[in-house]
Amino acid sequence: MGEGDKNKEWEFHLRSLSSGARDSNAAVDLSLLNSVKRLCELCKEEKPEELIVRVYPHLNRIFQRAVASISQSQTSCGLLLLAIIQFFIDFGDVVLHDADPSLRTFFRSCLSREFADPAVAEATLEFLNENKRKLLSSFPALLPQFFPLLLKLLAWNGEKLEKLFLRVFPGLISSGSFLPLFPSLVDLPILVVALEKVEKSSGSLVGSSIASIQQSTAPEMLLALMDEAYTGSTIGDAGADVESEDSSTIGVSDPLFLELLKDENDGLAERHWTSPAMAATLQAVINTPQSDRLKQALRITPRLLDVYFAIAIHDVNDSLLCALIPLLMVRYSTLFPDKIFSHEVQKRLLEFMLAAFYRSPNFVALLKKPITDRLGEAYASHAKTELALQLCWAIGEYGGGGESHKDAARELFESLELLLYENLSSSRLGLRESAIGSGSSSFRKSSQSRLLCFVVTAIAKLATYHHELLPRARVSLAKVARSRISDVRVWRRARDYLGLMNEPAICLSVLGPCKTSSTDVQRPGTVNWSEGGKKMVAHVPFYILGEKQGPLSHDFSFTDILPGK
C-alpha cells in the first residue's frame, strides 16, 4: 500500500471515529470496531506521535459514551471497549493516559454484564493473554481483584475457554488473592449451579449485572430471585404448597448467594456450607440430572487446582502456605456431592498438604491446633478418617515439627495417645459385638484398624525423634501389644516397634527422621556414596547404623565392588 493510500485510509477511519464521538447513538455501534482496530495498527506501524495524539481524544470520548450507555443499550460493546483499551495500553505513555481506571471500568461496567457472551469472554481472555506482561508489571493488583468475575466467565463458558484461562490464571494469584481464591476454585461447580438458577429465573445473563443485585432498591425482587436460585420456587409458589420441598424461602440477608456471585475479591469470607440455602441447593443438584455446563466445571476444577497448588509450592511464601492448610482441612470433607469430583479434589488436597509439610516440616508444629481438631473428628466420616490418617503420618514423619518444637511435639503426642486409647476401647467393644453385627460394621473395623496402625507408627516415630517421649511411647505400645482382642495387625505392629526400641541404632535407622537439620550430620540408614572411596566394605553395617566405631583391618573399599562412573 502506497503512502497516499495509507493517508486516505487514515483519514477515512479518523472521520469514522470523529462521527462516533459526536453521535451518542453511535457510541456502541460495532461498525466502529474495525476503524478502531485499524487505526491502532497504523499507529503501531508508523508511530507518528501527532497522529496518535489526534486519535486519542476521539477514542476517549467513545469509551466514556459507550460505558455510560451500557445499562440502556441492547448491543454488546465489550469488543469495542477492549480495542480502545488496547490503544490506551499501547500509547498511554505518549498521550499521558493511565489505563488502570479504564481497565477497572471495563471489568465493573461491561464484563460484569457480558461475561456470558462467548465472543466477549474469548476476546477478554485473548486480550489479557496478549497484554499479560504489561498488566502484571504496571497493574499487578488488577487481575487478583477481579478473579471472581473471571471465574464466572470460565464457569459459564466451560472447557472451550479453559486453555486460554489457564494462561491467564497465574496472574490471578497474589498475596491478597491467594487464600480467597482457594474456596472459589473448589466451589466452581456450585457457582455454575447458582448461575444456571439465576438464568432460569431472570432470563439471559448477558446484559444484566448480577453483582448489582446487592444494591437493589427492591428487596422483594431480590428475595424472589434468591428463592428461585436455591429452591426452584417463587414467593408466590411458597404459599401454594407448604409441604413442598421447594417452598422454603431464603432471607434477604443470607450471604451465600451474593458471596458466590460477587465480581471482586473482598477478602476471605466464610462459605456457609451448613446453611439451609446450601443444603437445599445441594439436594436439588443430587435429585436432578447434571447439565453439560456443570459436568465441564466438575472436570475443570481439578485441573485448576493442579496449577494453583504447583504455584503455591514453588512461589508462595511460608506464611500464606501455612494459612492455606487449615482451609484445606476444613474443605476436605465439604465438597460438591459428586463421587468422581470429590475423589479427584481430595486426592489433590492431600498431595498438596503433604508436599507443604515436606517443604516446611515446622508447619506440623505451627498447625498443631487444627491438626488436633481433625484428629478428634477422625470417625465423623470416611473423608475425615482419611484426612486423619495422613495427618498422623505427617506427625510421625516430620517429628512433630522438628527438634526445636518439643512442646508442640509433646502436645501432638498426647493427641495421638488419646486417639489410641479411645480407639482401643471402641475396638474391644466392636469385636465383642461382631457376632451380632452385620457386614456393615466390617468396613468401620477395617478403617479403625488402619487408623490405629497409623497412630501406632506415628507414636513410635515421634518418640524416636524426641527421646524424652520414649517412656510414654513404650507404655502406649505395650498396652496395644497386650490388647490381643484388637486387630492382629495393630498389636503385631506395636510389638515390633517395642522390639526396635530396644535397639536404638536400628530404631533410629528404621523410624528416624527422613530429614536432618544439619547437612554435616550423617543420619543412620543413609549412605553418602560420594564417600565410597574412603569406606571399607566391613564398615557397611556400622556406617548404616550410625555407630562408626573406626576402621577394621580389611583393606578393600566400596569402589572395589561398585561400578565406576
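Me: Are helix 5 and helix 9 roughly parallel or roughly antiparallel to each other?
Reply: In this predicted model, the axes of helix 5 and helix 9 cross at roughly 20° and come within 11 Å. An angle under 35 degrees counts as roughly parallel. The orientation of helix 5 and helix 9 is therefore roughly parallel.

Me: Is the crossing of helix 5 and helix 9 left-handed or right-handed?
Reply: Two packed helices are described by the angle between their axes and the distance between the axes. For helix 5 and helix 9, the axes cross at roughly 20°. The hand of this crossing is left-handed.

Me: Which residues of helix 9 meet Phe107, Leu111 and Ser112 of helix 5?
Reply: Phe107, Leu111 and Ser112 stand on the helix 5 side of the contact. On the helix 9 side, the partners are Leu149, Leu150 and Leu153.

Me: How is the aromatic pair of Phe107 and Phe146 classed?
Reply: Phe107 and Phe146 are both buried, and their ring centres are 4.8 Å apart.

Me: How many residues apart in sequence are the parts that the Phe107 and Phe146 pair ties together?
Reply: Phe107 belongs to helix 5 (residues 99-114). Phe146 lies in the loop between helix 8 (142-145) and helix 9 (147-157). The pair therefore ties together parts whose separation in residues is 39.

Me: How does helix 6 lie relative to helix 9?
Reply: The axes of helix 6 (residues 118-130) and helix 9 come within 11 Å and cross at roughly 130°. The crossing of helix 6 and helix 9 is left-handed. The angle makes the relation of helix 6 to helix 9 oblique.

Me: Which residues of helix 9 make the contact with helix 6?
Reply: Helix 6 contributes Pro118, Ala121, Thr124, Leu125 and Leu128 to this contact. The contributors from helix 9 are Leu150, Leu153 and Asn157.

Me: Which residues of helix 27 make the contact with helix 26?
Reply: The axes of helix 26 (residues 488-501) and helix 27 (residues 504-511) come within 7 Å and cross at roughly 130°. Helix 26 and helix 27 are therefore oblique to each other. Helix 26 supplies Tyr497, Leu500 and Met501, while helix 27 supplies Pro504, Ile506, Cys507, Val510 and Leu511.

Me: What is the geometry of the aromatic pair formed by Tyr56 and Phe88?
Reply: The count of aromatic pairs comes to 14, among them Tyr56 and Phe88. The centres of these two rings are 5.9 Å apart, with 70° between the planes. Planes over 60 degrees apart count as edge-to-face, so the Tyr56 and Phe88 pair is edge-to-face.

Me: Which charged residue lies over the face of Trp156?
Reply: Charges lie over the faces of rings at several sites, including Tyr421, where Lys479 is at 4.7 Å from the ring centre. Over the face of Trp156, at 3.6 Å from the ring centre, lies Arg293.

Me: Is Leu96 buried or exposed?
Reply: Most residues other than glycine have a negative phi. Leu96 is not a glycine, yet has a positive phi of about 60°. Leu96 lies in the loop between helix 4 and helix 5. With a relative accessible area of 76%, against a cut-off of over 50%, Leu96 is exposed.

Me: How far apart are the C-alpha atoms of Pro183 and Arg331?
Reply: Pro183 is placed in helix 11 and counts as buried at 7% relative accessibility. Pro183 and Arg331 are 148 residues apart in sequence. Their C-alpha separation in space is 7.9 Å.

Me: What percentage of the residues in the protein is buried?
Reply: The protein has 28 helices and zero strands. Of its 565 residues, the buried percentage is 49%.

Technical notes:
Residues numbered from 1 in each chain as written. Predicted model: local features only at pLDDT ≥ 70, side-chain atom pairs only at ≥ 80, totals over all residues. Heavy atoms only, no water. Phe/Tyr/Trp six-rings, centres within 6.5 Å; stacked < 30°, edge-to-face > 60°. Helix = DSSP H or I, 4+ residues; strand = E, 2+ residues; numbered from the N terminus. Buried < 20%, exposed > 50% of the residue type's maximum accessible area, 1.4 Å probe, protein only. Lys NZ or Arg CZ within 6 Å of the ring centre and 35° of its normal. Axes fitted to C-alpha atoms, helices over the stretch in contact; angles between N-to-C directions. Parallel < 35°, antiparallel > 145°, perpendicular 65-115°, else oblique. Left-handed = near helix turned anticlockwise from the far one by under 90°. Contact = heavy atoms within 4.5 Å.
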